[in-house]
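Student: I would like a close look at a single part of this model. Please take me through it step by step, and show me what surrounds it.

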Amino acid sequence: MVSRVIPVDVFDLVIIGATGDLATRKILPGLYRRFFDGQMPAGARIIGAARAEIDTEGFRDLARRAIMEHVGAAKRDAVSIDAFLEALVYVPLDATGEAGWDELKALIRPEVVNAFYFSVAPSLFGDLTERLHSYGIATPETRIVVEKPFGRDLASAKALNATLAAHFREQQIYRIDHYLGKETVQNLMAVRFANILFEPLWNSQYIDHVQITVAETVGVGGRGSYYDKAGAMRDMVQNHMMQLLCLIAMEPPYHFDPDAVRDEKLKVIRALQPVPSSDIVRGQYLGTAGKEPKSGYLEDVEDPNSRTESYVALKVQVANWRWQGTPFYLRTGKRLRARTSEIAIAFKQPPHSIFDDAGGSWPENMLVIRLQPNEGMNLKVMIKEPGPGGMRLVQVPLDMSFAEALGEEGTDIPDAYERLIMDVIRGNQTLFMRGDEVEAAWAWTDPIIAGWEARGDRPQGYDSGSSGPDDALMLMHRDGRRWRNIHG
């Protein structure tokens, strides 16, 4: 199988905050990989803008170091790197002042695609949008890319959307959630809607429950001050995991069209039932002693009284005909046993067993979509165990990892940011969140957070390197179900 690289139109991409962590860790290396693979056209230009008082050569040196650190050796070709760096320009810019805006305007070519990536705090979005218009830089065709967090509650999300809408139409705004750029997430839509095999079974009649797990081995690290104001619910569930749930639960859109897809996701969010406190578990990771001691969450955020969760698990119900009675179990946490992200769809038992010695019960069929690591899909089915001596059943996986199924191409999957930035240049908003979608997600999330804050709930401690708090196990055990093991 030979993958196709489809070039995009010539563009000017302005990265505001170009010397920051996200730009050097993800955006610049991702753009280089697109250049190396031939997707970035000749004449395209990347304009870095930030407070740092460096020149274009200094910015190119920064980009070179970022490529050497974050791009695999197979693509670190000296000639290609030099050619890519020639497309980079830099202008010092004051987001809240007037310095640098005339110089930036002089660099923008109106005849090519113009996109502005706001790799800065949301508090600066208003200043940036105002200056892009007051200096005559933005046009009706200009596209802006904004990073999460899209607010911290419904009120702030509405205010942020209003700020953006004051100067740009919704069709110009690209709210980026990198989970939607993952290859396997998009393959979930292909598996559902390009094959007749699963869609007839994709409902509460045949699916017993769904598990969505996003586990990390790291703690909050240097993000302690930010994370303690957010927590796992705001940082992961309200955006990333909500998007995964929507892609599983959504109805087939009439077409693979940006608004058609996002309309169906919005319907899922609006159908989510309120979550009672009995269906929520929160936790904080504990420190460890021994040869390699690790600090606990309270030490990492430097607040012994913090009640912010580093782990959350929820039982979620979707109130519509397709999913009535089928629970969705969501869990995410830091400092867990392994780094893994997966979606597991557990099917119901056959209504009648013809195999007497099987006892009428065996492990359920399960479709597992692995987002990381080792992206791929795994379908677990029952077969006869080989050998004589009767009908003994055993569960086996039908395993498809990209690395094995696609050979060398399967190990070279574009990073989510690469795909999403190219979609911005194409003007394709399918994998980006719409304003009403963001607000609907907060409208569901806010009462959950307000509930535990009003009760004064304290998160349960859990051991670093474990699968989370004990109460999370009971969340499923009381329903006669079990979480899948967390493993890399």
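Tutor: Start with Ile-15, which stands opposite Tyr-117 in strand S4. This is a predicted model, so read each position as a prediction. Strand S1 covers residues 11-16, and strand S4 covers residues 113-118. The two strands pair in the parallel sense, over six bridges.

Now widen the view to the sheet. S1 and S4 belong to an open sheet of six strands. Read across, the order is S3-S2-S1-S4-S5-S6, with parallel pairing. Look at the two ends of that order. Strand S3 (88-92) and strand S6 (173-176) stand at the edges. Each has a single partner strand, so one side of each is left without a neighbour in the sheet. The sheet also twists: from one strand to the next, the average is 20°.

Next, turn to helix H1, residues 21-36. Two helices that meet H1 deserve a look.

Take helix H3 (residues 78-85) to begin with. The axes of H1 and H3 come within 10 Å and cross at roughly 115°. That angle makes H1 roughly perpendicular to H3. The crossing is right-handed. On the H1 side, the contact is made by Leu-28, Leu-31, Tyr-32, Phe-35 and Phe-36. On the H3 side, the residues are Ser-80, Ile-81, Ala-83 and Phe-84. What kinds of residue make up the contact of H1 with H3? Eight are nonpolar, one is polar and none is charged.

Now take helix H12, residues 416-426. Its axis and that of H1 come within 8 Å and cross at roughly 70°. H1 is therefore roughly perpendicular to H12. H1 passes H12 in a right-handed crossing. From H1, the residues in contact are Leu-22, Lys-26, Ile-27, Gly-30, Leu-31, Arg-33 and Arg-34. They meet Tyr-417, Glu-418, Ile-421 and Met-422 in H12. Here the contact divides into six nonpolar residues, one polar and four charged. Find Leu-31 in the view: it is listed in the contact with H3, and it is listed again in the contact with H12.

Last, step back to the protein chain. It is divided into domain 1 (11-147) and domain 2 (180-413 + 434-478). The centres of domain 1 and domain 2, taken over C-alpha atoms, are separated by 34 Å.

How values were computed:
Residues are numbered from 1 along each chain as its sequence is written. This is a predicted model: local features need pLDDT of at least 70, side-chain atom pairs count only at pLDDT 80 or more; totals for chains, interfaces and linings use all residues. Side-chain values use heavy atoms; hydrogens and water are left out. Axes are lines fitted to C-alpha atoms, for helices over the stretch in contact, and angles run from 0 to 180 degrees between N-to-C directions. Helices (H or I, at least four residues) and strands (E, at least two) are DSSP runs, numbered from the N terminus. Angles under 35 degrees count as roughly parallel, over 145 as roughly antiparallel, 65 to 115 as roughly perpendicular and the rest as oblique. A crossing is left-handed if the near helix is turned anticlockwise from the far one by less than a right angle, and right-handed if clockwise. Contact means heavy atoms within 4.5 Å. Ala, Val, Leu, Ile, Met, Phe, Trp, Tyr, Cys and Pro count as nonpolar, Asp, Glu, Lys and Arg as charged, and the others, Gly among them, as polar. Domain bounds come from an automatic or database domain assignment. Two strands pair if DSSP finds at least two bridges between them.
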